[in-house]
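Please open the structure in your viewer and keep the selection tool at hand.

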Amino acid sequence: MKKSLIILLLLFVSQSFAQEKYEATLYLDKVENDQVPVELIVPSIDEDTIEYHMPKIVPGTYSISDFGRFVVDFQALDSLGNDLEVERISTNRWQIASASKLHRVKYLIEDSFDDFEGYGDNKLFEPGGTSIDAGSNTFVINTFGFVGYLEGHKFKPYYLTIKHPAEIKGAGALEVVSISDTSDTYKAANYNFFADAPFMYCEPDITSKEIAGANIIVSVYSPNKVLSSADVMSSIDELMEAQASYLGGALPVDKYAYLIYLFDGQTISGAYGALEHSYSSLYSLPEMEAERINQIVKDVAAHEFLHIVTPLNIHSEEIHNFNYIEPEMSQHLWLYEGVTEYSSQHVQVKYDLFEVTDFLEQMRDKMVQQEQYNVDIPYTEFSENILEPENEARYGDVYAGGALIAMCLDLTIIKSTQGDKNLQWLMRALSEIYGPLKAFKDAELFDVIEKMTTQEVGNFLRKHVGGTAPLPYEEILGWAGVSYQKERQEKVVSAGKFIPTVNEAQEIVIADIDNVNAFGKDLGFQKGDVLINWNGAEVTLQSFQQVISDFYENTEENDKVTVIVRREVKGKSKEKKLKAKAILVERSAQHDLQLIKDATAEQLRVRDVWLSAK
């Protein structure tokens, strides 16, 4: 009897201490050949066989990533360290036999920032990828690129330990368990929260500040030290205060991290930008002049931070129960990306961070951008099928057409509620109904919004988002005293109408002069000229766009213009100074937006509700 009791007691104790969580360890201090060793102690399971999954796709990217292709030497082990039988059944799935004995898995991870054998043509957008650079002791850690989960056990807690050299520090938004000189441990409620929390480990340049009730963290890696975290914090401080006011007076998070990785040269994807997360955002941007990179960070941050509203607090069941292997996509990309993009511009005009004319120019640019997309299927259908090849090319439209939908929806809410409600109010109200732990049903969203606002708003959504009717810019903007012309002729300064390209040294080169106009001929541009200086401003790959933009903005007809080029002459490279007078050329201005000077009292009232913080 006593022996039976002891056995029962031992059984109870062993069950009580059964592993009910994941314990992941990344060994940044043991990198060889740019591969990080990963070890994952897994929860106790009863299954005879189990699959280990690495994400095929992750939220916010809307494209296939296949993180399993970065896994090398996958092993499954029991508690004594014995190998269990493993079969790799697809790029992102490993089937493990005798799974009830499974104690841990371990493998090496390659990074996506560098090319390697077997990488294929699918180059990942860097903010959604991983970087392992032991040479500079710099690591970009999107957690979903390092650690996966057991099928059917995604909702168990995750503990993450990052072992690292003492000279580097990490930054991220995941809850801290412990921090030391060489080992940091964090925790998350489940894989969804874990995968939503990137880190950056590098030589420390970290600034934190309390803003509107939240701890804001900025971490910067700048290889040539052109940007610091203090610079960024100073740049976004005012923006964060404005966003707090825009969101109702306080930031709806306790902690938020900006992780900013600057690269010197070209990226493997050829792109730059950021990826949003619920409590952080990760940036991969070109290193350039401090003033310009600060503005780029500010512009991108204005968008990414507002994702704390959508999809953190407002999201569909497809996002809430995200399937990392075979995902079902939501119908409402217009909400997640379009409303966020619009709000990132709207907040800045509403709180006087830029002028109304600047805001209207931003909206005009989006109208022009949308011209390149085929919009003959409804946004809801396009969004739901975003992973299909025929829709992937239209993804950029969520930032153009999606933002324009949000602008027109905002004005429709204001007009139909006599100014009592607007899009800001709607987002706050939807956040209160749903929040991080409750999802809406895709098919019901328009009805929910209509009940909260007016039938006119519901009809707008069904017609222009659930249908393919073009947005009636002239009518809707007219409510706020803004005139709209689809096309208007104007005279503008010309830069010569040459075709630029980039050489191996990352310099701007004149690639073609077949269509240069009179100004280009007066200057004497030649094919192969390398642009060195334009009217006193140095021309680089990073500065070229801004230099030409400043030229257009600040040059009048007949002004003297001087361009310095480097030109091959009889086998020798020489700098040559080109001079000419500026000329005006006819241009068709698309989607012209102008404030109506003699707007009616009603138009001014709607405009005031729309663009004023009062």
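**The whole chain**

Begin with a cartoon of the protein chain, which contains 17 helices and 28 strands. The model is a predicted one. Its C-alpha atoms occupy a box of roughly 105 × 70 × 45 Å along the principal axes.

Next, display the surface. The accessible surface of the protein chain is about 27,900 Å², and carbon and sulfur atoms contribute 47% of it. Of the 614 residues, 53% are buried. Among contacts with a separation of 6 or more, 68% join residues 24 or more positions apart.

**The nonpolar cores**

Select Tyr258, Trp334, Met407, Leu477 and Trp610. These residues have the most contacts inside the largest nonpolar core, a set of 89 residues. Helix α10, residues 397–416, gives the most to this core, with eleven residues.

Now centre the view on Leu477. Beyond its neighbours within four places in sequence, Leu477 is in contact with Met367, Met407, Leu411, Val482, Tyr484, Leu593 and Trp610. Apart from this core lies another, of 54 residues, which includes Tyr22, Val58, Ile96 and Phe144.

Which residues of helix α13 are buried? Select residues 455–464 and colour Val457, Gly458, Phe460, Leu461 and His464, which are the buried residues of this helix. Look down the axis of α13: the buried residues fall within an arc of 160 degrees, so they line one face of the helix. The face turned away from that buried side carries the exposed residues Gln455 and Lys463.

**Tyr246 in helix α3**

Move to helix α3, residues 229–246, and select Tyr246. Is Tyr246 buried or exposed? Its relative accessibility is 5%, and because buried means under 20%, Tyr246 counts as buried.

Show the side chains around Tyr246. Not counting residues up to four places away in sequence, Tyr246 touches Ser343, His346, Val347, Lys350, Tyr351, Gln424 and Arg428. With one of these, His346, the side chain of Tyr246 makes a polar contact to the side chain at 2.8 Å. A distance between the C-alpha atoms of Tyr246 and Tyr351 reads 8.3 Å, although the two residues are 105 residues apart along the chain.

**Two buried strand residues**

Select Thr138 in strand β9, residues 138–141. Thr138 is buried, with a relative accessible area of 1%. The side chain of Thr138 makes a polar contact with the side chain of Ser136 at 3.0 Å. Leaving aside neighbours within four places in sequence, the residues in contact with Thr138 are Ser131, Ile132, Asp133, Tyr201, Cys202, Tyr221 and Tyr261.

Continue to Ser219, which is placed in strand β17. Ser219 counts as buried at 1% relative accessibility. Where does Ser219 make contacts beyond its neighbours within four places in sequence? Its partners are Ala171, Met200, Asp205, Ile206, Tyr258, Leu259 and Ile260. Of these, Tyr258 is also among the residues with the most contacts inside the largest nonpolar core.

**Backbone features in the loops**

The last stops concern backbone geometry. Select Tyr62, in the loop between β3 (50–53) and β4 (71–77). Tyr62 has a positive phi of about 60 degrees although it is not a glycine. At 11% relative accessibility, Tyr62 counts as buried.

Then select Lys225, in the loop between β17 (214–221) and α3. Phi of Lys225 is likewise positive, near 60 degrees, in a residue other than glycine. Lys225 counts as exposed, with 59% relative accessibility, whereas Tyr62 counts as buried.

Finish at Pro311, in the loop between α4 (290–305) and α5 (317–320). What kind of peptide bond joins Thr310 and Pro311? The bond is cis, with omega about 10 degrees.

Methods. Residues are numbered from 1 along each chain as its sequence is written. This is a predicted model: local features need pLDDT of at least 70, side-chain atom pairs count only at pLDDT 80 or more; totals for chains, interfaces and linings use all residues. Side-chain values use heavy atoms; hydrogens and water are left out. A nonpolar core is a set of buried Ala, Val, Leu, Ile, Met, Phe, Trp, Tyr and Cys residues joined through side-chain atoms within 4.5 Å. Buried means under 20% relative accessible area, exposed over 50%, partly exposed in between (1.4 Å probe, protein chains only). Helices (H or I, at least four residues) and strands (E, at least two) are DSSP runs, numbered from the N terminus. Contact means heavy atoms within 4.5 Å. A polar contact is a pair of N or O atoms within 3.5 Å; within protein, one must be able to donate a hydrogen and the other to accept it, and residues adjacent in sequence count only if both atoms are side-chain atoms. Accessible areas come from the Shrake-Rupley method with a 1.4 Å probe; for residues, only the protein chains shown count as cover. The arc is that of the directions from the helix axis to the C-beta atoms.
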